[in-house]
Amino acid sequence: MTTLASAPAQAAAIKHKNRQTFWALLALLGAVLLWGTSYAATKTAISHFSPMLLIWLRMVMASLILLPFWRKLPKPDYRPGDAKWLLGLGLLQPCLYFLLEVQALHYSTSSQVGAVAALAPLFVAFFAWIWLKERMSPAAIAGLLLSLGGVLLLSLGASKGASAPNPLLGNFLQLLAIFSIAFYMVAIKRFSQRYDTWWLTGSQDLFGVLFFLPGILLAPEGALTSAPKEAWLSVLYLGGVVTLGGFGLYNMAMRWLPASQAAMSINLVPLIAILLGWIWLGEALSSLQWLAAAAILGGVLLGQLPITLRRSEQVVQAQA
């Protein structure tokens with residue numbers, strides 16, 4: 001039985017936990033909004049830069065913005081054996097993930113590539129179940145299935161065109177990219193309590209600068225000077241806003257949320273990608289795709305509902 005003395009402390013602890021959850025969900029929303037806009041921006045830039053050059057420029061932009069603040073970041077709590085894991089995380093993201101995703105946008109539309117991103121929670125839940133022993137509630141599973149159904153509708157409603165010469169190959173490459181980022185999202189949980197969010201993000205960006213260095217070395221002469229203003233603005237946005245902000249905010253949310261719950265929010269990415277593809281790139285939306293977007297949004301809300309209700313019940317019980 002909870003004593004009278006401990007009840008206020010318990011209620012205060014739950015309220016603190018709720019505040020953490022609120023800020024974590026807000027950070028997730030910011031990350032998802034940035035990731036959702038990245039597909040249209042990448043589609044614009046990839047018309048003028050090779051994939052390796054585009055990713056290298058993106059990593060350089062992000063690193064230059066974070067570099068002045070590097071010394072002010074909290075020092076990581078390094079432990080023996082961390083180096084190999086940090087190296088593996090860097091290879092997964094940004095290296096493998098960005099390389100596969102940019103190639104996918106060569107062959108498919110930003111809408112379809114963004115839609116495949118909604119499969120990430122399925123992989124994250126699988127890895128979290130095996131590695132972190134996290135369980136998903138029936139409502140979360142139902143929400144995930146509803147969102148995945150929305151992704152299928154998005155694919156059925158998409159049409160081929162000049163911007164999607166081989167959507168099957170492009171979507172398959174994006175599937176591989178999502179597989180790699182899902183493993184990264186689970187693995188980052190191992191370090192989120194001992195390593196500062198922005199330290200992790202910045203170190204991975206610097207690793208990406210070295211990994212994609214051949215992009216600038218192998219770039220054809222005049223590739224940088226001939227690119228139009230909109231291509232450079234897209235690179236600046238991708239590097240300075242999406243790369244730093246998106247993964248920084250997501251890593252921040254991972255400090256307070258289960259990996260599988262945090263990944264559920266990724267199902268909003270295709271909704272944003274489709275809307276931006278329609279507004280920015282003129283990629284048409286069919287009535288079936290609008291229905292699919294509603295299913296994705298409904299699935300995410302359904303997946304988050306049980307946790308919100310459970311936290312509210314805990315506050316009431318602690319105050320009783």
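This is a predicted model: local features need pLDDT of at least 70, side-chain atom pairs count only at pLDDT 80 or more; totals for chains, interfaces and linings use all residues.
View 1. Apart from neighbours within four places in sequence, the contacts of glutamine 204 are Leu89, Gly90, Gln93, Pro94, Tyr184 and Ile188.

**View 2. Arginine 194 in the loop between helices H7 and H8.** Helix H7 spans residues 167–187 and helix H8 spans residues 197–211, with arginine 194 in the loop between them. Arginine 194 counts as buried because its relative accessibility is 14%, again under 20%. A polar atom of the arginine 194 side chain lies 2.6 Å from the backbone oxygen of aspartate 77. Aspartate 77 is also among the residues in contact with arginine 194 when neighbours within four places in sequence are left aside; the others are Pro76, Tyr78, Arg79 and Asp82.

**View 3. Tryptophan 85 in helix H3.** With a relative accessibility of 26%, tryptophan 85 counts as partly exposed. Residues up to four places away in sequence not being counted, tryptophan 85 touches Trp131, Arg190 and Phe191. Between tryptophan 85 and isoleucine 188 the C-alpha to C-alpha distance is 9.2 Å, although the two residues are 103 residues apart in sequence.

**View 4. Helix H5 and the residue that follows it.** Helix H5 comprises residues 120–132. Its buried residues include Ala120, Pro121, Phe123 and Val124, and also Ala125, Phe127 and Ala128. Just after H5, lysine 133 adopts a positive phi of about 60°.

**View 5. The largest cavity and its lining.** The volume of the largest cavity is about 140 Å³. Its lining consists of 16 residues, and those nearest the centre are Trp35, Tyr39, Tyr97, Glu101 and Phe247. Two or more lining residues are contributed by each of helix H1 (6–45), helix H3 (82–107), H7 and helix H10 (229–253). In terms of class, the lining contains 13 nonpolar, 1 polar and 2 charged residues.

Terms used: Residues are numbered from 1 along each chain as its sequence is written. Side-chain values use heavy atoms; hydrogens and water are left out. Helices (H or I, at least four residues) and strands (E, at least two) are DSSP runs, numbered from the N terminus. Buried means under 20% relative accessible area, exposed over 50%, partly exposed in between (1.4 Å probe, protein chains only). A polar contact is a pair of N or O atoms within 3.5 Å; within protein, one must be able to donate a hydrogen and the other to accept it, and residues adjacent in sequence count only if both atoms are side-chain atoms. Contact means heavy atoms within 4.5 Å. On a 1 Å grid over the protein atoms alone, a cavity is a set of points where a 1.4 Å probe fits but cannot get out, and a pocket is an open set with protein on both sides within 12 Å along at least five of seven lines; lining residues have an atom within 4 Å of a point. Grid points are joined across faces, edges and corners, and a volume is the space filled by probe spheres set on the points. Ala, Val, Leu, Ile, Met, Phe, Trp, Tyr, Cys and Pro count as nonpolar, Asp, Glu, Lys and Arg as charged, and the others, Gly among them, as polar.
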